2 protein chains.
Amino acid sequence: MQKPALALLIHGGAQNWSPQRWKARFDDACRDRRVVLMPDAALDPAEVHYAAVWKPVPGDLAAFPNLRAIFNLGAGVDALMADSSLPDVPLVRVAVADLTARMTEYVVLHVLMHHRQELYLRDSQREKRWAPKKQSPASAISVGIMGLGTLGADAAQVLARLGFRVAGWSRSERKVDGIECFHGTGQLDAFLKATNILVCLLPLTPDTTHILNRDLFAKLDATSPLGAPVVINAGRGGLQNEADILACLDDGTLGAASLDVYATEPLPADSRFWTHPKVVLTPHNAADTDPDEISKYVARQIERFEAGDALENVVDRGRGY
Amino acid sequence: MQKPALALLIHGGAQNWSPQRWKARFDDACRDRRVVLMPDAALDPAEVHYAAVWKPVPGDLAAFPNLRAIFNLGAGVDALMADSSLPDVPLVRVAVADLTARMTEYVVLHVLMHHRQELYLRDSQREKRWAPKKQSPASAISVGIMGLGTLGADAAQVLARLGFRVAGWSRSERKVDGIECFHGTGQLDAFLKATNILVCLLPLTPDTTHILNRDLFAKLDATSPLGAPVVINAGRGGLQNEADILACLDDGTLGAASLDVYATEPLPADSRFWTHPKVVLTPHNAADTDPDEISKYVARQIERFEAGDALENVVDRGRGY
C-alpha cells in the first residue's frame, strides 16, 4: 500500500487559482506525503487521510472513508457547511498572516477612499474641476467592524492608529486592545448607532444571511461630517441584500458602498452595481490567498495533528464558522 | 497704548481658508491678546509683536518694526523664504498632530491605491470586466519616502505596519524606528534603487527644486511585481519637473503618479495631468490644516516665548526649512 494521501479538491470560484499551481506548492510543503489532485481515477479513496479543498462539489468528501481532517483553502467555510454529507471530522479554517494583512490593506484602503472623498475627487478630476471640499480629520469618523476574528481585529488596530474612532461587533464577546467591542443581538443597535462607516467581515451563516439590509442601514449614524453612512462588504455576498443596498444608495440612506463580494460571482453584467456612481466594486480580490503560505500552513497543521497535538482554527459546526 | 498685537496676514492660495474664520479661532485661542486681521488702516505697525501668516505679499512683514516672531500657518515655508525683506526674527513652522495625521492618511491611501491596482480596477468596473489580476502582498513592495521630518516618519511607520518594506531619505541624517534611513546626496542613488513607490514630502528649497525629474525616476526600481515605479508628490509643486513626469508616464519609466501639488495652482485647465489615465490628481488638499489646532499651537508658542522658553520648530534659514 502506498503512503496515505492528501487529496486536493479545487473547484469553481477559485479565480486565478490554478489547481496545478496548488499541487506544486503542496508537493513542496508536504515532501514526505503523497499529494493527489482530484479527480484521480487511479486513487483508492480509502488511502486519503486529509483533504485540502476549495468549494468541492457537495458529496465529494463523503467518498473518503478514512478521512481524518479537512482543510479549507480560504477564510470562509460557508460553501462547505452547505454540504449535508460533509464527513464528521475536524474542519480547519485557514488563518495565515498573509491573508490577514491583505484583508487589512483592503479595509484600510476602502475606509480611507470614502473618508478622503475619493469618489468626489475622481469626478472632479474627470470634469477638470479644482474644487476641494472641507475634509474632516479621521477622528470625526467612527468605523464599525462587524466580525472581530483575526481579520477584523487587525484592520481595527490599523484604523485606530490612523486616528479613526473604531468599534467592533461580534456574535460572542471579544476583546480587542483599544477597540470598543459590542456583541450579540442585544448590543447590535448601539453599535450601529455609533457607526459612520460599516465594515462587514462576518462569516456567512444562517444567522448572518442578508444581515446587511435596509433595517440595519437605517440604524447607522448619518450625522457625521461624512453625511450618509457607508458600507464596505468584504465578507460574503450572501451577507448582503443587494436590492436593499441599491435602494438605500438611491434614496440616500447610504452615501456609498465598497463591495468585494456578491450573491452571484462573477457579478452578472446586468447588475446595477457595475454602473452605480456610489459603488466601488472589486472582483472578490480583497484577500487573495497565497498558495505558498497556505500549503505551508496545512503541512504544519498535519504535522501537529500526527504528533498528537490539537489542530488549530477548527470550525465550530454549531456556529458555522 | 493698546496691548501689543498679533497680526494675521492671510493671502492667496489658502483655498477654503476664510480669513474671518481664522480671526475667530485666534480670538478664541489668544484671549488676552489683540488679534488684528490685516490690512487694518487703524493699526500702528509698531504695535505688532507677532505675525501669523499664510503667503503674505513679499515686503508685508518688513512693515512691522517691533516684530518678535513669525508663525507660518502651514508646514512649508518656501513662500516666506522667497521674501528677501523678511525680518530677521524667529520663523516658526506649524507642527500639529492634526496635520501629521492628515498627511499620513493621504500617503497611506495613495500608496494602497497603487499597490492594490485601483486604476486598473476602476477601469474594469467602468468596462464591466470581472478580471482580477494577481495581487502581490505589501511585503513585495518597497516604499521610499523622501523627507523624514514629522510627516515622513509618521507615514513610514503606518506603511511598515501594513507590511510594506519602507525606507526613507533625508538631507541630513535621521533615525526612524524600524525604517531603513538613507541621507545626503551620497546615499540618494542607493535609496532610489531600492524604491518601487516614491513618496515625496520634502521641503521646497533651492536644493530640492525639480528634484523629481527624469534622471531621478530612471533610478527607481522597476523590477517589483508593481512593474514600473510610482511617484506620489504631496510636498510642493516646485519639487517636480512636470514635463518629465508626463514624458516618463508616457514612455513607461513611471507606471503611475499621485499628485497633490503643482507648479501652478489651481492647476490650469490645459494641463495634461487632468486627463492622463495614469495620474491620480488631488487639488492640494492632502493635509488641510485645522484652524482650531493651529491657532492653539500659535497661542502656546507665544506663551512659551513670553515666559522665556525657546520657540519650537524654528526654521533654519540656512537650510530653508
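This is a predicted model: local features need pLDDT of at least 70, side-chain atom pairs count only at pLDDT 80 or more; totals for chains, interfaces and linings use all residues.
Two packed helices are described by the angle between their axes and the distance between the axes. Here the axes of α1(B), residues 19–29, and α9(B), residues 291–306, come within 9 Å and cross at roughly 45 degrees.

Sorted by class, the contact of α1(B) with α9(B) holds seven nonpolar residues, one polar residue and four charged residues. An α-helix has 3.6 residues a turn, so residues three or four places apart point the same way.

## How the two chains are related

Chain B can be superposed on chain A by a rotation of 180 degrees with 0.0 Å of shift along the axis, and the RMSD of this superposition is 0.0 Å. That is the relation of a two-fold axis. In chain B, the C-alpha nearest the axis belongs to Leu109(B), at 2.9 Å from it. Of the interface residues of chain B, 100% are also interface residues in chain A, so the copies meet through the same surface.

## Helix α4 of chain B and the residue after it

Which residues of α4(B) are buried? They are Glu118(B), Tyr120(B), Leu121(B), Arg122(B), Ser124(B) and Gln125(B). The buried residues of α4(B) pack against elements of both chains, namely α3 (97–115) and β12 of chain A together with α3 (97–115) of chain B.

After α4(B) comes Lys128(B), whose phi is positive, near 55 degrees, although Lys128(B) is a residue other than glycine. Lys128(B) lies in the loop between α4 (118–126) and β6 (142–146) of chain B, and because its relative accessibility is 39%, Lys128(B) counts as partly exposed.

Lys55(B) is not a glycine either, and its phi is positive at about 50 degrees. This residue is placed in the loop between β3 (48–54) and β4 (69–72) of chain B. With a relative accessibility of 32%, Lys55(B) counts as partly exposed.

## Cis peptide bonds in chain A

The peptide bond that leads from Met38(A) to Pro39(A) is cis, with omega near -5 degrees, and Pro39(A) is found in the loop between β2 (34–37) and β3 (48–54) of chain A. Another cis peptide bond joins Glu265(A) and Pro266(A), where omega is about -5 degrees. The loop that holds Pro266(A) runs between β11 (256–259) and β12 (279–281) of chain A.

## A histidine in strand β3

When residues up to four places away in sequence are not counted, His49(A) touches Pro4(A), Ala5(A), Asn66(A), Leu67(A), Arg68(A) and Ala69(A).

Terms used
Residues are numbered from 1 along each chain as its sequence is written. Chains are lettered from A and ligands numbered from 1 in the order in which they are written. Side-chain values use heavy atoms; hydrogens and water are left out. Axes are lines fitted to C-alpha atoms, for helices over the stretch in contact, and angles run from 0 to 180 degrees between N-to-C directions. Helices (H or I, at least four residues) and strands (E, at least two) are DSSP runs, numbered from the N terminus. Ala, Val, Leu, Ile, Met, Phe, Trp, Tyr, Cys and Pro count as nonpolar, Asp, Glu, Lys and Arg as charged, and the others, Gly among them, as polar. Buried means under 20% relative accessible area, exposed over 50%, partly exposed in between (1.4 Å probe, protein chains only). Copies are superposed by least squares on the C-alpha atoms of residues with pLDDT of at least 70 in both. Contact means heavy atoms within 4.5 Å.
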